[in-house]
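Please look through the sequence and the model shown here before reading the report that follows.

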Amino acid sequence: MRDLRLPAALACAALVSLSACTADGVKDAVTPDKPKDPITLSANVAQKATDVRVDTIVAVKAAHGSITSAALASDDGKSTVKGRVAGDSWLASERLEPGTAYTLQVKGTGEDGKPKRIIRHFTTQPLTLAQQTYPSVAPLQGETVGVGMPVIVTFDVPVRNRALFERNMSVQSTPAVDGSWTWFSDREAHFRPRTFWPAHAKIKINLRLNGLPAGGGIYGQQDQLIDFRTGSKRVSVVDVAKHQLKYTVDGKVEKTIPVTTGDNGHRTREGVKVIMEKFSSIDMDAATTGVDSEDPGYYNISDVRWAMRLTNSGEFLHAAPWSVGSQGRANVSHGCTGMSTANASWLYHHSRRGDVVRYIHSPRPLEARNGWTDWNVSWSAWLRGSALHKA
């Protein structure tokens with residue numbers, strides 16, 4: 001009788017079209033490839049949505065694929081929102097403008113290799129100017145200032161969310177310094193370093209406030225990006241008792257000027273002051289400082305030359321040709337620091353906004369916030385005025 005069994009190898013060959021075999025002749029089923037998924041794209045703004053909040057950060061997420069491109073722009077062509085693609089997501093880097101129609105277009109490719117696109121048309125909430133707060137900034141773009149110049153941000157509508165705003169207000173200096181914000185009110189914030197700015201520093205202000213909720217239904221109206229720099233370290237020291245001003249550059253005395261300051265009834269204030277404004281000519285009316293025209297101390301002088309403001313209350317450095325005989329000998333002014341026209345012109349042309357003027361040996365202290373009095377505040381007290389309480 002014949003043996004009809006085939007060797008194992010031949011048996012496998014016979015069944016090759018139907019199955020696979022192991023080395024010992026046991027067959028395994030062939031598993032078909034799992035189909036690849038198409039991409040799905042989702043956004044955090046709905047199609048035809050209205051009243052989308054201006055503080056929305058538009059985001060798109062991809063599943064089973066990656067985003068290849070994204071664009072978000074206003075329909076009127078005035079605003080393009082920047083963003084970045086990171087693999088399976090896209091995130092806007094800016095907030096939105098109020099009362100604006102936008103179109104979002106996103107393209108992606110799925111695991112199956114097929115492309116897909118979504119489009120979202122939406123409109124943001126309308127806001128009146130009274131619902132937006134605009135940040136005005138000093139120094140100005142490109143300005144060169146003195147080492148005592150604070151960064152000043154003034155809001156036209158109050159800010160309640162100070163901590164949130166402060167986290168979005170950065171100041172960077174080269175060389176680097178420790179610095180902090182202090183809030184003088186809901187409308188005004190100042191930034192200064194621990195000590196004066198370095199000479200010849202490059203400083204960048206970056207306020208990312210557009211669309212940021214300020215509290216009470218108010219939103220930031222605009223971002224601000226401002227670059228400025230400091231010049232040499234110019235510091236004038238006015239000795240009230242000795243009736244003289246010493247002007248220094250980077251610690252070296254460049255000029256000593258005889259001056260007159262406030263008389264016994266109008267003492268010039270002691271403390272660190274900063275040049276706030278410069279006028280080649282100005283009319284000085286005592287009424288602007290609260291002195292009635294019937295007061296014996298009233299004055300109204302036109303065309304005062306080479307004037308530089310130091311306080312809100314009206315202290316200036318300026319030319320005073322009428323008091324040359326007292327300059328360097330006696331204090332006879334109503335609080336300003338007077339000098340000859342030639343000396344005032346020289347000082348004016350060697351000074352910048354933000355230069356430091358320190359007054360010593362006066363019995364009258366400088367009041368807080370009577371001018372840019374930031375440098376009269378201790379560093380610990382300055383930090384306490386920050387909403388974040390840190391440098």
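## Core, sheet and a buried serine

Methionine 169 touches Val153, Phe155, Trp181, Trp183, Ala189, Asn206, Leu207, Arg208 and Leu209, leaving out residues up to four places away in sequence, where contact means heavy atoms within 4.5 Å. This is a predicted model, in which local features need pLDDT of at least 70 and side-chain atom pairs count only at pLDDT 80 or more, while totals for chains, interfaces and linings use all residues. Residues are numbered from 1 along each chain as its sequence is written, and side-chain values use heavy atoms, with hydrogens and water left out.

Met169 is also among the residues with the most contacts inside the largest nonpolar core, which has 36 residues. Such a core is a set of buried Ala, Val, Leu, Ile, Met, Phe, Trp, Tyr and Cys residues joined through side-chain atoms within 4.5 Å; buried means under 20% relative accessible area, exposed over 50%, and partly exposed in between (1.4 Å probe, protein chains only).

Elsewhere, four strands form an open antiparallel sheet in the order E3-E5-E9-E8, where two strands pair if DSSP finds at least two bridges between them. Its edge strands are E3 (40-43) and E8 (83-86).

Serine 333, in the loop between E29 and E30, is buried, with a relative accessible area of 15%.

Key. Helix = DSSP H or I, 4+ residues; strand = E, 2+ residues; numbered from the N terminus.
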